[in-house]
Structure formats: C-alpha cells, structure tokens
Amino acid sequence: MLKLTPITSEKIWGYELWIASTHPNGTQPEFAKAVGGDFPLLVKIIQANDTLSIQVHPDDQKALELEGTGNRGKTECWYVLDATPDARLVYGLKDWDSSDQLAQAIKDNALEPYLNFVNVTKGDFIYIPAGTVHAIGGGLRLLEVQQSCDLTYRLYDWGRGREVHIEKGLAVIKNDKRKPIAQFQSPFECPYFSMEQINVRGGWSMFCSGKDPAKDTQLLYILSTNKAVIRAAGEPFGKPIAPEEIYAILPGDKITIEGTATIIRIRVE
C-alpha cells in the first residue's frame, strides 16, 4: 500500500494535481518504482477557475502516426467534484459537416456556434473517448482518469494567444455519439480503465490479486470520509485518511478501511 504525493502544475486557468502518474512530464518516483516504471493510467485533479482551451486528443493509432513510437492515445473521463451554479463545459461538436468548415471557423474566431455546451453539477460523470472535442469551463473541480498521455491538440483558445494545433487537431476528431451526462453510475468500464464507487459504512476490505504491478495495481481515491482509517494486513492500527488522498494498492496487498468513507476504485482494463 502506497500513499501517493501529488505533483502540482500551475496553469493560466487554474492548476492540475497529478495524483497518480508515471508519465515523464510528471513522475512520482515512488509510484514509478513500485509499478516497474510505466503505469498505463494517469489520474489528476483539475481546478478550473477559468475556461480551458477547446481541445482534442488522439487515439492510440493517431498518437503513433502523428507523434511516433512510444506514444499512447488519450481516452479520459471526468467526475465532477465541485461546481459553481452556472458551471458548464464543452462536450463535442454540433451542426458541422467537414474539417474545412471547422478550419475556417477557427481562422475566423467563430467556432463557438459549433460547440456543444452542457451545464454540469457536482457528481456528474463525463466520458470522453479520444477524438472528442471538449473543454472544461470555469468554476469546476474535477477528478480526471485517463490513459497515461500528455498529447493535447489545442483547436481554439478564446483569443488568449497560445499556440493552436489546427492540422493535427482536425486530423484526430471523431464524430462518435456522445454518452449522456448524468450523475455517476457505478461501476463504469471502458477499454482502458474501470471505476467503481464504494461506500464504506463500518468496514471494507480488499485484496489486490495479480502479479504484474503495471497492470494489476489498483488505485483508491478518497472522495469523502468521517474519521475513517486505512490499514494493511497485519497492522494493529489504521492510519487516518482524508478527502482527495489517493492510495496505490499493489498486487499481493490486502487492506481494510474502517469507519465511514466514500471511495472511487480505479483499475486498468
């Protein structure tokens, strides 16, 4: 059992906490050592005080084609931890016919009519397969679970002057049907990861099976707690846990959580 220490990344719109990462752009050395160097998932907390850019991520195939060997795609999801009353985000495109149409709209600073804006509230869940155009709005705090990838193609930046990646971005857009945004329904599974909400009321134990730390390690993200403790097998006393902590449970580990807590368990698929 390993309690992970976040890596803070300041942004013009707020900040990110990389809370479970072996990615070269933000590696937690103790986590990388425990899993043998490379874990296929990256988990973040995103604090958006202002709106992020309109962006899109490649899938595995496009990541290799556009960026070369060793790159993964980026399928991700968001769990809304907190939201202001008017919080919204961009989830896909609407009323568009071609890449040429979008390219012209970007050049004319007129992309907004093609963006699908959606209001969200605390507890909502948004699944974002690679190729989905998206943006996080201001007033949101999110738990993000994604493939371990840091490839972002920025299509539009609200006039802030940062670099955009129109050619690559348009090349990776997919027009797949979006899943409805709703309160998180446990469990969730996609080809890369699964998530399960566990409500501990008294006590809960788990054993992490498997032999390969890079595939079988499980992550426990603490959503909320009331005087709960966590302890490994054989330990007589537990250690207090707090909201927004995350623990890596390695193959062979058996742990018990006692008290009252709500947890998101994250696994590699």
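## Terms and model

On a 1 Å grid over the protein atoms alone, a pocket is an open set of points where a 1.4 Å probe fits, with protein on both sides within 12 Å along at least five of seven lines; a lining residue has an atom within 4 Å of a point. Grid points are joined across faces, edges and corners, and a volume is the space that probe spheres set on the points fill.

The model is predicted: local features need pLDDT of at least 70 and side-chain atom pairs count only at pLDDT 80 or more, while totals for chains, interfaces and linings use all residues. Residues are numbered from 1 along each chain as its sequence is written, and side-chain values use heavy atoms, with hydrogens and water left out.

## The largest pocket

The largest pocket has a volume of about 450 Å³. Lys11, Glu16, Gln55, Asp150 and Thr152 are the closest to its centre among the 25 residues that line the largest pocket. Strands are DSSP runs of E, at least two residues long, numbered from the N terminus. At least two lining residues come from each of S2 (7-11), S3 (14-20), S4 (41-48), S6 (76-83) and S10 (134-136). S2 gives the largest share, three residues.

By class, this lining has seven nonpolar, nine polar and nine charged residues. Here Ala, Val, Leu, Ile, Met, Phe, Trp, Tyr, Cys and Pro count as nonpolar, Asp, Glu, Lys and Arg as charged, and the others, Gly among them, as polar.

## The second largest pocket

The second largest pocket has a volume of about 180 Å³. Its lining includes Tyr79, Val80 and Leu81, as well as Tyr221, Leu223 and Ser224. S6 and S16 each supply at least two residues of this lining. By class, the second largest pocket is lined by six nonpolar, four polar and two charged residues.

Two strands pair if DSSP finds at least two bridges between them. Seven strands form an open sheet in the order S2-S3-S4-S11-S6-S9-S13, with antiparallel pairing. S2 and S13 (182-183) are the edge strands, each pairing on one side only.

Within this sheet, S6 and S9 (residues 124-128) run antiparallel and are joined by four bridges. Tyr79 has Phe125 in S9 as its bridge partner, and Tyr79 also lines the second largest pocket.

## Pairing around S19

S19 (residues 254-268) pairs with S15 (residues 193-207) in the antiparallel sense over 15 bridges. Phe193 has Val268 in S19 as its bridge partner.

S19 also runs antiparallel to S16 (residues 218-232), to which 11 bridges join it. Ile222 stands opposite Ile263 in S19.
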